[in-house]
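Open the model in a viewer and keep the selection panel at hand. The stops below each give something to select and say what is there.

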Amino acid sequence: LYSQELLALAESLAPVNKLLAVPWVSQLGDGANYAPGDCGAACLASWLLYLGHEGVTVDLVSANVGLAPGYRYTMPAHIIRAAIALGENLYWRRGLSLDDLRAEIDRGQPVIILVHYDYLPEKYDPTYKKGHWLTVIGYSADGFTYLDPYWPSDGRRAISIDDFLKAWSNNHLDGNSDRQAL
């Protein structure tokens with residue numbers, strides 16, 4: 001019994017690592033020509049592919065957000081509209097905690113979040129400084145793993161908790177809600 005108690009204690013103190021096998025989708029290039037501001041559509045495409053939808057492209061999602069071709073950005077309502085049009089429900093939440101994100105990942109649900117792009121430590125476009133949608137797919141004791149659609153190849157990135165909070169908690173600089181997620 002004593003060794004079982006020690007084993008249980010050791011397991012409870014071990015660093016937790018969780019990573020979902022969500023496909024990365026780029027907002028750049030083939031299949032993403034509808035609009036330059038389609039990071040939200042790309043994140044939703046990743047989410048839908050993870051859920052098992054087939055043939056989903058950024059352009060398909062973009063055509064369902066309710067905006068004209070060439071749009072510059074998406075609001076949560078636009079992404080939710082596209083999700084519903086493509087057969088899924090998605091909800092907007094604000095004021096979330098890190099534990100809320102971890103709980104969603106533990107349930108097997110990737111989380112689409114809005115960040116202030118300028119505060120990400122790794123950026124494809126250092127001149128862009130506004131809001132940007134990412135998909136959080138995992139976490140560890142040290143930080144989070146996310147998919148950034150604004151890369152021409154392999155947008156999977158790891159980020160420290162401090163850097164994550166800085167980017168996720170400064171959406172107000174763009175007139176958006178901090179710590180929001182879909």
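**Helix α4 and its cover**

Select helix α4 (residues 76–85): Pro76, His78, Ile79, Ile80, Ala82 and Ala83 are its buried residues. Buried means under 20% relative accessible area, exposed over 50% and partly exposed in between, with a 1.4 Å probe and protein chains only. Helices (H or I, at least four residues) and strands (E, at least two) are DSSP runs, numbered from the N terminus. An α-helix has 3.6 residues a turn, so residues three or four places apart point the same way. Just after α4, select Gly87, where phi is positive, about 95°.

This is a predicted model, in which local features need pLDDT of at least 70 and side-chain atom pairs count only at pLDDT 80 or more, while totals for chains, interfaces and linings use all residues. Residues are numbered from 1 along each chain as its sequence is written, and side-chain values use heavy atoms, with hydrogens and water left out.

**Strands β4 and β5**

Select β4 (residues 143–147) with β5: the two pair in the antiparallel sense over five bridges, where pairing requires that DSSP finds at least two bridges between the strands. Gly143 is placed opposite Ser160 of β5. In β5 (residues 156–160), colour Arg157 and Ile159 as the covered face, then Arg156, Ala158 and Ser160 as the uncovered one. In a regular strand the side chains alternate between the two faces of the sheet.

**Pockets and a cavity**

On a 1 Å grid over the protein atoms alone, a cavity is a set of points where a 1.4 Å probe fits but cannot get out; a pocket is an open set with protein on both sides within 12 Å along at least five of seven lines, and lining residues have an atom within 4 Å of a point. Grid points are joined across faces, edges and corners, and a volume is the space filled by probe spheres set on the points.

The largest pocket holds about 500 Å³ of space. Select Cys39, Arg72, Tyr73, Tyr128 and Gly131, the closest to its centre of the 26 lining residues. Strand β3 (residues 131–139) gives the most to this lining, with three residues.

The second largest pocket has a volume of about 240 Å³. Its centre is marked by Leu90, Tyr91, Glu104, Arg107 and Leu182, the closest of 15 lining residues.

For the largest cavity, of about 40 Å³, select Trp24, Val25, Ala42, Cys43, Ser46, Thr135, Leu147, Asp148 and Pro149, which line it. The most in this lining comes from α2, with three residues.

**Two single residues**

Go to Pro36, in the loop between β1 (18–19) and α2 (39–50). Pro36 counts as partly exposed because its relative accessibility is 46%. Leaving out residues up to four places away in sequence, Pro36 touches Gln27, Gly70, Tyr71 and Arg72. A C-alpha to C-alpha distance from Pro36 to Pro69 gives 9.1 Å, across 33 residues of sequence.

Is Asn171, the last stop, buried or exposed? Asn171 counts as buried, because its relative accessibility is 0%. Asn171 sits in the segment after α6 (161–168). Beyond four places away in sequence, Asn171 touches Leu114, Val115, His116, Asn176, Ser177, Asp178, Arg179 and Gln180.

Technical notes:
Contact = heavy atoms within 4.5 Å.
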